[in-house]
Amino acid sequence: MARKQFDLIVFDWDGTLMDSTSTIVRCIQAAAKDLGLPIPGEDAASHVIGLGLYEAMQAVMPNIDPKYYPRMVERYRYHYLSKDHELTLFKGVGEMLQELSQQAYFLAVATGKSRVGLNRAMNAAGLLSLFDATRCADETFSKPHPAMLQELTRELGQDLKRTVMIGDTSHDLLMANNAGAAAVAVEYGAHPVDQLRACNPMYSARTVAELHQWLNENA
């Protein structure tokens, strides 16, 4: 049976597949506290989720001495690694991915995580075998640059016009727009709904169940 619209479905990780937004925010705040720096508010810290770690620290704390950015990254990693074993997938994610895989879609991840961090998370969640390719922020340009999607489609021999990017931040959706791919938003992650809708996604899902149903009916 011919596909409706897409051959390749690309997911963001944090805040889209894994329920990690609040943990990331707390770890950014803890890193700033460790260094005696002004502690970012929750909104500011959640806004930078999805960026590469160094870019995220620059964005969340633009007015500090640049010498602190590598130390913020180091302290963030320290706190996150003490918590990441507690993180879980959003309810329904595992079933959704299994079903999409059985329907022979190409599945991929494009994330602001490091390669080591993504592999740890995917292995802990038992998802390593489900994805055909992945891209991380320490391997290429950070979102919203289109490079992750361009590289994934080249690696898998796919067409960007038949690729959809699914994410919980404007960084994800703008990356899709910049690459010429379709964009679908999820509203249960890091960015407020108005910021997501300003990026003109083709669909915006309030829950994993809504996303799963939309993919079944439209992808």
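With which side chain does the side chain of R135 make a polar contact? The close-up views below are taken from a predicted model, and the first of them answers this.

View 1. The side chain of R135 makes a polar contact with that of E151, at 2.8 Å. R135 belongs to strand β3, which covers residues 133-136. With a relative accessible area of 15%, R135 is buried, because values under 20% count as buried. Apart from neighbours within four places in sequence, the residues in contact with R135 are V109, A110, T111, R115, M148, E151, L152 and E155.

View 2. V208 is part of α10, a helix of residues 208-218. The relative accessible area of V208 is 7%, so this residue is buried. Not counting residues up to four places away in sequence, V208 touches F90, K91, G92, V93, M96 and Y188. For one of these residues, G92, the separation from V208 is 116 residues in sequence, while the C-alpha to C-alpha distance is 6.2 Å.

**View 3. Helices α5 and α10 packed together.** Two packed helices are described by the angle between their axes and the distance between the axes. For helix α5 (residues 93-102) and α10, the angle is about 10° and the axes are 10 Å apart. The two helices are therefore roughly parallel to each other, since angles under 35 degrees count as such. The crossing of α5 past α10 is left-handed. On the α5 side the contact is made by V93, E95, M96, E99 and L100; on the α10 side it is made by V208, L211, H212, L215 and N216. Sorted by class, this contact has 6 nonpolar, 2 polar and 2 charged residues.

**View 4. The buried residues of α10.** Buried in α10 are V208, E210, L211, H212, W214 and L215. These buried residues pack against helix α5 and against the strands β1 (8-11), β4 (163-167), β5 (182-186) and β6 (203-205).

**View 5. Helix α8 and what covers it.** Helix α8 spans residues 170-179 and is mostly covered, with 7 of its 10 residues buried. The buried residues are S170, H171, D172, L173, M175, A176 and A179. Their cover includes the helices α2 (42-47), α7 (147-156) and α9 (193-197), and also the strands β2 (106-111), β4 and β5. Just after α8 comes G180, which takes a positive phi of about 80°.

**View 6. Helices α1 and α4 packed together.** Helix α1 (residues 21-34) packs with helix α4 (residues 68-81) at an angle of about 130°, and their axes are 8 Å apart. These two helices are therefore oblique to each other. Their crossing is right-handed. The α1 residues that make the contact are T23, I24, C27, I28, A30, A31, A32 and D34, and those of α4 are M72, R75, Y76, H79 and Y80. By class, the contact between α1 and α4 has 9 nonpolar, 2 polar and 2 charged residues.

How values were computed:
Residues are numbered from 1 along each chain as its sequence is written. This is a predicted model: local features need pLDDT of at least 70, side-chain atom pairs count only at pLDDT 80 or more; totals for chains, interfaces and linings use all residues. Side-chain values use heavy atoms; hydrogens and water are left out. Helices (H or I, at least four residues) and strands (E, at least two) are DSSP runs, numbered from the N terminus. Buried means under 20% relative accessible area, exposed over 50%, partly exposed in between (1.4 Å probe, protein chains only). Contact means heavy atoms within 4.5 Å. A polar contact is a pair of N or O atoms within 3.5 Å; within protein, one must be able to donate a hydrogen and the other to accept it, and residues adjacent in sequence count only if both atoms are side-chain atoms. Axes are lines fitted to C-alpha atoms, for helices over the stretch in contact, and angles run from 0 to 180 degrees between N-to-C directions. Angles under 35 degrees count as roughly parallel, over 145 as roughly antiparallel, 65 to 115 as roughly perpendicular and the rest as oblique. A crossing is left-handed if the near helix is turned anticlockwise from the far one by less than a right angle, and right-handed if clockwise. Ala, Val, Leu, Ile, Met, Phe, Trp, Tyr, Cys and Pro count as nonpolar, Asp, Glu, Lys and Arg as charged, and the others, Gly among them, as polar.
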